Amino acid sequence: MSRVSAMFREFHPIVWSLVVGTVFVRAASSMSMPFLFLFLSNHTDMDLGMIGLTIGAGALAGTIGGFFGGTLSDKFGRRRVMLGALYVWMLVFVGFAFGKSPLLFLLLNIIGGLCRSFYEPVSQALMADVTPPEKRFRVFGLRYTAINVGVAVGPILGAMLAMTSAALPFLVTAAIYLVYVISLQMMLNVFGIKKIEGQKKEAVSFQRAFEVVVKDKAFRLYMVAGVFGAIGYSQMSSTLAKYAEMSVVDGTKLFAILMSVNAIVVVLMQMPLMRWSEKRTPLTSIVVGNVAYALGDVGFAFAGSWSVFIIAMVVFTLGEILTFTASDVLIDRMAPEDMRGTYYGAKSFSNLGQFIGPWMGGIFLATLGGSALFCVVAAFSLTSTAFQWAGQRAYLKQSGKALDVARVQA
């Protein structure tokens with residue numbers, strides 16, 4: 001008990017509030033959002049391509065919103081931006097439960113994408129603001145674990161609720177968001193945190209981020225690789241649900257289990273794979289991860305039973321663990337010290353793949369079938385590897401030129 005008590009005292013109560021809240025928020029959102037493709041296909045007259053476009057619109061909105069969330073938090077305070085995003089996000093889920101119009105669903109998903117792009121980066125900044133620098137790595141590790149604990153239980157609960165009513169998962173999600181935002185607001189008031197600005201960092205603007213993409217060849221190649229990777233990864237949260245329903249008996253239940261398998265594998269394998277990756281270059285981890293993505297997608301393409309789907313998801317998730325961390329390390333290494341925020345803001349451009357993926361996936365699923373779709377996205381994952389390799393070569397070349405200039409100046 002003393003060890004547990006010491007761990008809780010190690011971090012600010014606001015940190016623990018955000019970590020615990022992350023479990024509930026992610027569990028709540030994973031009750032509903034992964035099933036949105038199914039909900040729209042079964043309860044509206046939208047075609048699969050339009051459904052994919054609607055879901056992808058949220059990612060497109062997040063691409064733009066990611067550039068402005070930090071700026072808004074600097075102007076109005078992290079507290080106001082974060083709480084405002086949560087209140088609006090709660091209303092979005094209510095809208096999904098009662099909405100009928102395709103245009104309304106499109107608008108709701110755009111607003112939801114903006115809310116996510118405002119809330120998540122600002123909440124991470126708030127956690128950093130109240131945590132000493134030497135402890136921040138552990139704090140973000142706690143947050144990542146909390147995300148996957150929530151995602152492990154959410155889909156199964158969502159599938160159970162959906163058996164009662166298709167709208168019920170969205171209403172329960174809205175209720176959990178409301179309870180969380182009220183409790184978080186009370187915590188922030190109790191601890192007197194009205195406007196936490198954190199450490200001074202460079203302003204991240206759309207213009208500066210765009211200039212990075214235009215001028216930095218290596219970064220530009222990395223972003224293209226990110227787009228290809230995101231097109232494939234986005235199928236897991238969009239078309240995979242419908243494909244499972246079309247492929248096997250009780251496909252909806254299977255999809256809920258697949259989402260939980262994804263989260264459980266992340267929780268169990270994150271530390272072993274991180275230790276493996278630390279002994280190798282980020283590019284090596286990305287190459288191995290992309291191969292795992294491709295193998296998982298091929299497994300989905302030819303799966304005809306629950307067991308094959310589950311094995312494919314395990315392999316796919318190993319790729320997720322390897323690529324996500326290594327990609328962040330690559331960006332961190334190539335970003336100049338005074339422009340790290342701008343580079344991470346520009347990284348949002350790769351979210352275009354999260355917009356293209358569901359749209360393209362819906363069209364492919366309707367016209368060519370799921371097997372063709374997942375074979376194509378497997379090829380996209382391997383194509384992403386080629387652009388990562390080209391980006392690494394360009395970065396090493398740029399670094400060599402920069403070193404030569406520094407030597408001449410010295």
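The structure is a predicted model in which local features need pLDDT of at least 70 and side-chain atom pairs count only at pLDDT 80 or more, while totals for chains, interfaces and linings use all residues. Residues are numbered from 1 along each chain as its sequence is written, and side-chain values use heavy atoms, with hydrogens and water left out.

Ser 183 lies in helix α8 (helices are DSSP runs of H or I with at least four residues, numbered from the N terminus). Ser 183 is counted as partly exposed because its relative accessibility is 32% (buried is under 20% relative accessible area, exposed over 50%, partly exposed in between, with a 1.4 Å probe and protein chains only). Gly 21 is 162 residues away from Ser 183 along the chain, and their C-alpha atoms are separated by 9.2 Å.

The lining of the second largest pocket comprises 17 residues, and those nearest the pocket centre are Phe 35, Leu 38, Ala 162, Ala 166 and Thr 252. Two or more lining residues come from each of α2 (13-32), α3 (36-43), α7 (136-164), α8 (168-190) and α12 (251-278). A pocket is an open set of points on a 1 Å grid over the protein atoms alone, where a 1.4 Å probe fits, with protein on both sides within 12 Å along at least five of seven lines; lining residues have an atom within 4 Å of a point.

Helix α16 (residues 352-367) contains 16 residues. Buried residues of α16 include Phe 355, Pro 358, Met 360 and Leu 365. After α16 comes Gly 369, with a positive phi near 100°.

Notes. The expected span of a helix is 1.5 Å times one less than its number of residues.
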